Amino acid sequence: MILETKTKEVSLKPDFFDRDISWLSFNQRVLLEAEANDVPLFEKIKFLSIYSSNLDEFYRVRIPSLMALKKISKNKKENSFAYQHILDKIQHIVDDQQRVFGTIMTQKILPALEKEKYHLLYNEPIPENIHNEITHYFFKEVLAFLQIVEITKETDFFPENNKLYKLVVVEENTDTHQLFLLNIPSDDLPRFFAVKKGAKTYILFLDDIIKFGLKFIFKDQKLPADYNFKITRDAALELDDEYDEAIAEKMEKKIAKRDYSFATRFLFDYRMPPPFLQSLIDTFKLKDATIVLGGSYHNLKDLASLPLKKQSLSYTEMVPVSLDAPVAKSIFDTVAEKDLMLHVPYQSYDSVLRFFNEASIHPNAEEIYVTLYRVASDSRIANALISAARNGKKVTVVVELKARFDEANNIKWSKQLKKAGVKIVHSIPSLKVHAKIALVKFKKQSKLPPIGLLATGNLNENTARFYTDHILMTAHKEMLKDLEKTFLLLATIKKNPKRYKMDFKHLLVAKFNLREKFIKLIDNEIQNKRKGLAAGITIKLNNLEEKSLIEKLYEASNAGVKIQLIVRGICCLVPEIPGRSENITVRRIVDRYLEHGRIFVFENNGNPLLFMGSADWMNRNIYHRIEVCFPVYDPILKEEMLDILKIQLDDNVKASLLGASLENIPVRNEKEPTRSQEKIHEYLKRKS
């Protein structure tokens with residue numbers, strides 16, 4: 001599928017359009033993995049689940065931005081038309097992708113499940129031979145959670161975000177119908193129910209079990225039809241993260257006049273007749289939402305919970321490699337002697353847990369500082385910090401309460417930590433703390449220097465099992481002076497970080513020196529190329545959007561600097577345009593793990609400079625967050641990281657090149673097949 005981003009009809013600058021289309025391009029790449037021949041069946045189903053989950057988030061986060069901008073531009077007909085055109089174009093792309101989704105599901109997934117003796121009922125009647133089991137389950141479990149709402153002009157009901165509902169039509173006579181709403185309680189009950197009959201296992205959607213039970217609810221009434229639907233609502237925009245101050249202020253005023261969570265998408269069964277559709281739109285005030293025709297089943301992110309018991313349907317386990325460090329020796333003694341680098345999930349996360357566990361009981365550990373952005377629901381790290389405080393350590397934790405979709409969990413841990421005596425620091429409303437850092441300081445009489453931990457991903461042992469990230473543990477004296485300054489900044493910052501004068505010599509800290517340092521590093525490569533010296537740039541990011549950095553990469557490309565980018569998601573840089581970006585390639589890798597690390601390499605005339613950290617090159621990361629990127633000085637660890645990057649650049653199995661129209665072009669060449677995630681695991685096993 002070609003994802004075109006330029007159209008003659010739209011005169012509006014396409015920044016938002018490019019970003020959103022690029023995001024959809026990434027989700028398309030996820031969808032393609034669901035039909036790849038080298039992916040096991042259950043893993044294909046999980047990719048369908050990820051695609052569906054991503055799309056829900058898109059309508060909660062990205063679409064509200066465009067809807068608000070359209071409102072702001074209402075008095076400017078050209079801009080208003082342009083934003084509507086963008087929304088229409090996005091919906092056209094989503095519709096195409098949804099058709100591909102349906103084709104994969106019906107023509108590939110369902111037949112493959114049948115071969116494995118699993119019959120997933122998908123738009124078909126429930127076989128008579130399992131009616132008894134379904135009836136029993138309906139009365140014993142399902143009925144307790146059902147609520148019935150009659151749809152009338154006086155109906156006062158608020159459909160919740162992304163919850164599933166069923167519209168039931170009851171025929172009163174030939175010309176009149178009464179409409180009822182039923183919830184599909186997938187938060188209270190499993191979305192799927194399995195019944196084994198002989199060698200075959202039937203798997204049913206909860207939706208269909210409720211449909212089966214309608215005859216028991218509406219006894220002796222004629223039920224000509226029922227239709228599933230859901231409403232997606234705005235995720236409470238972080239306006240200052242996404243836009244410049246002028247636009248953010250306008251959007252905030254516009255959105256403040258509406259309900260906290262206005263509808264952005266109304267997804268319904270395409271078979272629903274127009275009169276019933278209009279009745280729902282009027283009843284639930286959905287006229288401003290994007291109206292989307294769908295199939296019978298929604299929230300297909302739940303496919304990841306299909307009860308498939310065969311191990312052969314999933315990936316073979318990739319056992320994490322133990323870090324090459326003495327087990328019996330304190331991790332702080334080890335790091336005091338040499339830096340340690342951990343690559344998860346290829347290597348065990350145990351060393352990170354040891355870092356916090358040992359700090360909580362170490363007799364000479366005096367102070368512990370850490371930032372927490374997304375905390376695991378059962379976080380052992382948070383529990384270690386609680387123990388540390390109870391053991392008399394001075395513990396300071398910066399908890400980001402505005403981590404989207406994790407607010408409630410972070411608030412829960414914030415309360416528990418505070419109760420245990422931990423000093424809790426929250427960021428100011430307009431500024432997120434996204435840095436992934438920790439620092440342990442020891443008593444003066446101890447021979448141990450301060451030990452720091454700096455990471456590219458969250459300090460979260462659950463996500464570490466499927467996000468690829470990198471964690472550096474170091475005793476580098478000057479770098480840790482910068483780290484201590486950062487924690488001092490976070491503990492004292494009140495409103496405007498610009499008035500704080502912080503001189504960071506080693507760390508790159510967003511809002512202080514990060515953008516400027518990256519500009520200088522790119523300029524250095526440009527100058528080296530013009531002098532005939534070795535020059536090159538390799539960068540790996542989740543998202544690339546910030547204009548000044550993109551323009552600087554274009555400038556480097558025009559100077560002849562070879563630039564290799566690995567960008568998982570949004571990419572507003574267009575590669576391989578003659579005279580602009582012909583020396584830039586953009587790769588995207590989608591495989592069993594989610595690529596998450598941010599890595600920056602500058603050739604520097606044969607003496608590469610390597611930085612890693614938490615910052616993507618997006619407006620929100622550069623201008624509206626505290627991010628930390630850090631250098632890697634240890635030559636052995638630097639070489640190791642460069643080797644890992646080279647393996648990824650050689651991937652010709654799971655890598656795609658991003659084309660000028662944001663399409664995914666599979667990398668195919670005559671070289672030995674390289675599936676980078678498997679090769680990296682093998683590489684680290686050999687080194688252990």
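This is a predicted model: local features need pLDDT of at least 70, side-chain atom pairs count only at pLDDT 80 or more; totals for chains, interfaces and linings use all residues.
1. Lys-687 counts as partly exposed, at 36% relative accessibility. In this scheme, buried means under 20% relative accessible area, exposed means over 50%, and partly exposed lies in between (1.4 Å probe, protein chains only). Glu-640, by contrast, counts as buried, with a relative accessibility of 8%. The side chains of Lys-687 and Glu-640 meet in a salt bridge, with an N to O distance of 3.0 Å. Lys-687 belongs to helix H18 (residues 676–687) and Glu-640 to helix H17, so this pair ties together parts that are 47 residues apart in sequence. Helices (H or I, at least four residues) and strands (E, at least two) are DSSP runs, numbered from the N terminus.

2. Residues are numbered from 1 along each chain as its sequence is written, and side-chain values use heavy atoms, with hydrogens and water left out.

3. How many salt bridges does a search of the whole structure find? The search finds 41, a salt bridge being a side-chain nitrogen of Lys or Arg within 4 Å of a carboxyl oxygen of Asp or Glu. Side chains of opposite charge can pair when their charged atoms come close. One example joins the side chains of Glu-358 and Arg-354 at 2.7 Å, N to O. Both residues of this pair, Glu-358 and Arg-354, lie in helix H10 (residues 350–361), four residues apart, which is about one turn of the helix. Glu-358 is buried, at 16% relative accessibility, while Arg-354 is partly exposed, at 25%.

4. Helix H15 (residues 547–558) holds another pair, Lys-552 and Glu-555, which are three residues apart, about one turn of the helix. Their side chains form a salt bridge of 3.0 Å, N to O. Lys-552 counts as buried, with a relative accessibility of 13%, and Glu-555 is partly exposed, with a relative accessible area of 32%. An α-helix has 3.6 residues a turn, so residues three or four places apart point the same way.

5. Helix H17 also contains Ile-636. Is Ile-636 buried or exposed? Ile-636 is exposed, because its relative accessible area is 56%. The C-alpha atoms of Ile-636 and Met-341 are separated by 10.0 Å, although the two residues are 295 residues apart along the chain.

6. The largest nonpolar core has 89 residues. A nonpolar core is a set of buried Ala, Val, Leu, Ile, Met, Phe, Trp, Tyr and Cys residues joined through side-chain atoms within 4.5 Å. Phe-518, Leu-544, Leu-573 and Trp-617 touch the most other members of the largest core. Helix H2 (residues 41–72) provides the largest share of this core, 13 residues. Another core, of 47 residues, lies apart from the largest one and includes Leu-489, Ile-566, Val-601 and Leu-645.

7. Which residues does Phe-518 touch, not counting residues up to four places away in sequence? They are Leu-508, Leu-549, Phe-600, Phe-602, Trp-617 and Cys-629. Contact here means heavy atoms within 4.5 Å.

8. Helix H8 (residues 274–283) has buried residues Phe-276, Leu-277, Leu-280, Ile-281 and Thr-283. The buried residues of H8 pack against five strands, S3 (164–171), S4 (177–184), S7 (222–233), S8 (263–269) and S9 (290–294). Just after H8, Lys-285 takes a positive phi of about 55 degrees.

9. The structure holds two cavities of 30 Å³ or more. On a 1 Å grid over the protein atoms alone, a cavity is a set of points where a 1.4 Å probe fits but cannot get out, and lining residues have an atom within 4 Å of a point. Grid points are joined across faces, edges and corners, and a volume is the space filled by probe spheres set on the points. The largest cavity has a volume of about 70 Å³, and its lining includes Val-344, Tyr-349, Asp-469 and His-596. Strand S17 (residues 467–474) gives the most to this lining, with three residues.

10. The second largest cavity has a volume of about 40 Å³. Among the residues that line the second largest cavity are Tyr-346, Lys-540, Glu-595 and Ile-680. Helix H17 (635–649) and strand S17 each supply at least two residues of this lining, and H17 gives the most, with three.

Note on methods:
On a 1 Å grid over the protein atoms alone, a cavity is a set of points where a 1.4 Å probe fits but cannot get out, and a pocket is an open set with protein on both sides within 12 Å along at least five of seven lines; lining residues have an atom within 4 Å of a point.
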